[in-house]
Amino acid sequence: MVLCAVRQHLLRGSRGAWARFLQRQSRGCVYSSVHGFQLEEIREKLQAFPGGSIELLKQESGLAVLTINYPSRMNAFSGSMMVDLEERVSQLEGWTDGKGLIVQGASGTFCSGSDLNAVRALSDPQDGMKMCMFMQNTLTRLLRLPMISVALVEGRALGGGAELTTACDFRLMAPGSVIQFVHKHMGLVPGWGGAARLVRIVGSQNALKLLGGAVKVDPEVALQIGLAEEVLQGEGTGTPLQRAENWLSVYTKGPAPVIQAVKKVVLSGRELPLSEALRTEKDVFGTVWGGPANMQALASKSKHR
């Protein structure tokens, strides 16, 4: 069974409210065998549709870059790329030094959703729902990683690509980029969890407009409705990726255990009832209180500098 990042990392340091919550939620995953989800079965089906790759580069700084690489298809997800993504998320879940993650597309565009060849081959409703469960599990694990994540949107993020942006903590957009939930034009609604996450990011009314109108969201509109955190202006030095790394480094400066603890308490506040979130915050607090970073800060009396 796939174990969600939130379970692997939070349970490593705390056994309180979050552990109880995860036990009630099928060990932290959205779907398990209880829901008819068989991981190996869907992996085998998806692997039958090859093409492209998902590349992961971990840096000594604690930042990682995840690249969606299928330029000939505007970085659309083939079946094998969906499996690749799940494997890369597993690698990130086990990265004890990780603090931040940037998700980007290759060759100047983000992602155009699902490769239509795979979509046509999986047109049976049961196969489609299995793919849906697989991607919801994977993107939920991505969002719950104990590191701060950013979607670097260049070019177009369409359909499933737009959904992928919502599985990151922040979205940075390059000038001229577009996020568009085009599902309506395909006779569909989001199926990778994008609608549920979008409501939490921009509110239900804005989400209805974006989904019902298949609105092309440019950087200016994205800033206005809270979908994007910042526009990476072209006059800055370095590539968009370098500017995204500089932006993210502001929030990931410091020891990995502390940055991971920050993400954990925010996750608990977002996903748990208040009383349980408070108990989880206490448990996570206990993992860093008296730790190396805390003791060093006390010794240097750096709080009021």
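# Close-up views

**View A. Asn-75 is found in the loop that runs between strand E2 (63-69) and helix H4.** The model is predicted, so its local features need pLDDT of at least 70 and side-chain atom pairs count only at pLDDT 80 or more, while totals for chains, interfaces and linings use all residues. Residues are numbered from 1 along each chain as its sequence is written, and side-chain values use heavy atoms, with hydrogens and water left out. Helices (H or I, at least four residues) and strands (E, at least two) are DSSP runs, numbered from the N terminus. Asn-75 is not a glycine, yet its phi is positive, at about 60 degrees. Most residues other than glycine have a negative phi. Asn-75 has a relative accessible area of 0%, so it is buried (buried is under 20%, exposed is over 50%, and partly exposed is in between, with a 1.4 Å probe and protein chains only).

**View B. Ser-107 is placed in the loop between strand E3 (100-105) and helix H5 (116-121).** Ser-107 is a residue other than glycine with a positive phi, near 60 degrees. Its relative accessibility is 64%, so Ser-107 counts as exposed.

**View C. Helix H4 (residues 79-93) and helix H6 (residues 125-143) cross at roughly 30 degrees.** The axes of H4 and H6 come within 10 Å. Each axis is a line fitted to C-alpha atoms, for helices over the stretch in contact, and angles run from 0 to 180 degrees between N-to-C directions. H4 and H6 are therefore roughly parallel to each other (roughly parallel is under 35 degrees, roughly antiparallel over 145, roughly perpendicular 65 to 115, and the rest oblique).

**View D. Arg-141 and Glu-93 join their side chains in a salt bridge, with N and O 2.8 Å apart.** Arg-141 lies in helix H6 and Glu-93 in helix H4, so this pair ties together parts that are 48 residues apart in sequence. A salt bridge is a side-chain nitrogen of Lys or Arg within 4 Å of a carboxyl oxygen of Asp or Glu. Arg-141 has a relative accessible area of 2% and is therefore buried. Glu-93, at 1%, is buried too.

**View E. Glu-87 and Arg-43 meet in a salt bridge of 2.9 Å, N to O.** Glu-87 belongs to helix H4 and Arg-43 to helix H3, so the pair ties together parts that are 44 residues apart in sequence. Glu-87 counts as partly exposed because its relative accessibility is 27%, and Arg-43 counts as buried because its value is 16%. A network of salt bridges links Glu-40, Arg-43, Glu-86, Glu-87, Arg-88, Glu-93 and Arg-141.

**View F. A salt bridge connects Lys-130 and Glu-41, whose closest N and O atoms are 2.6 Å apart.** Lys-130 is in helix H6 and Glu-41 is in helix H3 (residues 39-47), so distant parts of the chain, 89 residues apart, are linked. Glu-41 has a relative accessible area of 33% and is therefore partly exposed. A search of the whole structure finds twelve salt bridges.

**View G. H8 and H9 pack at an angle of about 130 degrees.** Their axes are 7 Å apart. H8 and H9 are therefore oblique to each other, and their crossing is right-handed. Arg-200 is found in helix H8 and, at 65% relative accessibility, counts as exposed. The C-alpha atoms of Arg-200 and Arg-270 are separated by 9.5 Å, although the two residues are 70 residues apart along the chain. Gly-212 is in helix H9 (residues 204-212) and counts as partly exposed, at 42% relative accessibility.

**View H. Leu-116, Val-119, Met-186 and Leu-188 make a nonpolar surface patch of about 350 Å².** Patches are made of residues with over 30% relative accessible area and no salt bridge; like charges are joined within 9 Å, and nonpolar side chains (Val, Leu, Ile, Met, Phe, Trp, Tyr) within 5 Å. Accessible areas come from the Shrake-Rupley method with a 1.4 Å probe, and for residues only the protein chains shown count as cover. Leu-188 is in the loop between strand E7 (178-180) and helix H8 (194-202). Its relative accessibility is 52%, so Leu-188 counts as exposed.

Methods. A crossing is left-handed if the near helix is turned anticlockwise from the far one by less than a right angle, and right-handed if clockwise.
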